[in-house]
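Dear colleague,

I am handing over the structure below, and my notes on it follow directly after.

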Amino acid sequence: MNTENTKAQMRKGILEFCILSLINNREMYVSDLIDELKKGKLDVVEGTLYPLLTRLKNGEFLSYRWEESTGGPPRKYYQITKKGETFLSELQNTWKELTDSVTQITQKH
């Protein structure tokens with residue numbers, strides 16, 4: 001069995017949660033998100049991030065605004081919506097329940 005594939009699937013499953021958590025703290029540009037995710041040891045490329053941000057925006061969990069840039073094209077800054085805050089709260093509860101369960105199960109063996 002390939003552990004790298006399993007680890008990749010686990011990371012993908014929590015990426016949405018991590019992105020919403022980061023943007024909940026402050027509005028962010030894509031490169032800011034990538035930097036913060038890397039600090040947390042989640043290496044993500046733009047090709048993975050953009051479709052996820054689009055899905056979250058289409059689900060009305062995120063919105064964005066354009067800001068002119070002095071060094072290139074305008075930048076898209078993402079912020080969380082009220083619906084996104086509610087969804088994030090649900091994810092936080094689910095994460096706590098899941099981590100508690102996994103800890104309980106894995107520490108018995």
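Just after helix H3, Glu60 takes a positive phi of about 65°, where helices (H or I, at least four residues) and strands (E, at least two) are DSSP runs numbered from the N terminus. Please bear in mind that this is a predicted model, in which local features need pLDDT of at least 70 and side-chain atom pairs count only at pLDDT 80 or more, while totals for chains, interfaces and linings use all residues. Residues are numbered from 1 along each chain as its sequence is written, and side-chain values use heavy atoms, with hydrogens and water left out.

H3 itself covers residues 46-58, and because its 13 residues at 1.5 Å a residue should span 18 Å, the 18 Å between its end C-alpha atoms agrees; the expected span is 1.5 Å times one less than the number of residues. Leu49, Leu52, Leu53 and Leu56 of H3 are buried, that is, under 20% relative accessible area, with exposed meaning over 50% and partly exposed in between (1.4 Å probe, protein chains only). Seen down the axis of H3, these buried residues fall within an arc of 105°, so they line one face of the helix; the arc is that of the directions from the helix axis to the C-beta atoms. On the other side of H3, Gly47, Arg55 and Asn58 are exposed.

The buried residues of H3 pack against helix H1 (3-25), helix H2 (30-39), strand S2 (62-69) and strand S3 (72-80), contact meaning heavy atoms within 4.5 Å.

As for the strands, three of them form an open sheet in the order S1-S3-S2, with antiparallel pairing, two strands being paired if DSSP finds at least two bridges between them. Strand S1 (28-29) and S2 are the edge strands, each pairing on one side only. S1 is joined to S3 by two bridges, and Tyr29 has Tyr77 in S3 as its bridge partner.

Best regards
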